[in-house]
Amino acid sequence: MDITEQALRKALSDLPVGGIRFLEQTGSTNDVALAWASEGAPDLALVVADEQTAGRGRLGRKWVTPPGAALAFSLILHPVMEKAESIALYAALGALGVASALEDNYNLKPEIKWPNDVLLKRRKVCGILAEAVWLKNWAESVVLGIGLNVRAAAVPAAESLNFPATSLEAATGQCLERIKLLHAILTSLIAWRPRMESSEFIRAWEDCLAFRGEQVQIWAEGQPIRAGQVEGLDRDGGLRLRPLEGEVFSVRFGEVHLRPV
Ligand code: BT5
């Protein structure tokens with residue numbers, strides 16, 4: 001079924017969504033949501049697009065969203081946490097929200113590639129981009145942008161990718177209904193959000209962690225590559241790695257790249 005604003009309003013009427021804007025085509029739903037947030041959008045206001053012509057990933061990378069094939073949306077949240085580093089936890093909320101929705105409703109076994117890519121069978125099916133509207137030192141709003149490949153046609157050509165990608169269609173053999181998926185993901189995000197700083201949240205995230213017990217390489221811009229076996233997460237969501245020699249170390253949030261060895 002095609003997404004329309006009317007169909008969205010009807011399907012999401014049982015959720016406490018703060019407002020809905022649907023666009024057949026837009027540059028980036030995160031840009032629309034950031035503008036709306038700075039004009040005072042309510043908590044849980046939602047921007048959905050069928051197609052993005054300038055979808056954004058992290059650090060200026062591109063996110064591809066062709067028409068009729070993907071779920072691309074941005075959810076505006078008014079944060080309860082005021083520390084700058086907590087913004088990264090919102091991206092984790094996005095990943096856990098998507099992973100739990102896929103597991104609970106579609107019987108899939110998603111994994112989270114730390115910090116916040118959702119994988120199916122070791123291929124990226126969903127990307128998350130959390131951005132904040134700052135007011136002095138605290139985030140007044142967080143825009144949680146989520147892009148999910150629903151149909152196989154959503155997956156870009158392999159040569160343009162920095163990590164293998166897949167779609168829900170490839171993983172399930174079915175064309176899943178996008179509005180139902182959105183309902184399931186929003187339900188899961190709304191349920192996890194009040195528990196974001198709990199040990200239960202970290203445990204659930206850790207349960208989905210990809211490459212546990214495996215060797216990975218990790219590097220950040222201008223820093224040497226480090227390698228280690230993925231042990232799990234620490235209390236604030238940092239990734240714990242055990243190197244071949246030396247002490248276990250944690251990697252903090254930031255622009256860190258992770259690759260299986
Ligand atoms: C992400 O960045 O994974 C965050 C993507 C967030 C997209 C959503 S859609 C709704 C909202 N509006 C936006 O404008 N953005 C958000 P990153 O980890 O930097 O990954 C980007 C990389 O993923 C690219 O450089 C490509 O290699 C790859 N890629 C691009 N499109 C993809 C797709 N559809 N499926 C899988 N991989 C993709």
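How far is an oxygen atom of the ligand from an N or O atom in the side chain of lysine 124? Select both and check: the gap is 2.7 Å. Before going on, know that this is a predicted model, where local features need pLDDT of at least 70 and side-chain atom pairs count only at pLDDT 80 or more, while totals for chains, interfaces and linings use all residues. Residues are numbered from 1 along each chain as its sequence is written, and side-chain values use heavy atoms, with hydrogens and water left out.

**Stop 1: around the ligand**

Stay with the ligand and show its surroundings. 29 residues surround the ligand, counting any residue with a heavy atom within 4 Å. The closest are Ser28, Arg56, Arg61, Lys124 and Asn149. Now pick asparagine 149: one of its polar side-chain atoms lies 2.8 Å from a ligand nitrogen. Threonine 29 is worth a click too, as an N or O atom of its side chain sits 3.1 Å from a nitrogen atom of the ligand.

**Stop 2: arginine 56 and its partner**

(A salt bridge here is a side-chain nitrogen of Lys or Arg within 4 Å of a carboxyl oxygen of Asp or Glu.) Arginine 56 is in the loop between β2 and β3 (70-77) and aspartate 31 is in helix α2, so the pair ties together parts that are 25 residues apart in sequence. Helices (H or I, at least four residues) and strands (E, at least two) are DSSP runs, numbered from the N terminus. By the salt-bridge rule, the count comes to 16.

**Stop 3**

Most residues other than glycine have a negative phi, and most peptide bonds are trans. Go to leucine 44, in the loop between α2 (29-38) and β2 (45-52). Its phi is positive, near 65°. Next, select tryptophan 114 and proline 115: a cis peptide bond joins them, with omega about 0°. Proline 115 belongs to the loop between β4 (111-113) and β5 (117-120).

**Stop 4: where the domains meet**

Colour domain 1 (5-207) and domain 2 (215-260) separately; the bounds come from an automatic or database domain assignment. Their centres, taken over C-alpha atoms, are 25 Å apart.

How much area is buried between domain 1 and domain 2? About 1,300 Å², with carbon and sulfur atoms giving 67% of that. Buried area is the accessible area (1.4 Å probe) that two parts lose on being put together, summed over both. In domain 1, Trp114, Ile202 and Glu206 lose the most area to domain 2, together 46% of what that side buries.

Technical notes: A polar contact is a pair of N or O atoms within 3.5 Å; within protein, one must be able to donate a hydrogen and the other to accept it, and residues adjacent in sequence count only if both atoms are side-chain atoms.
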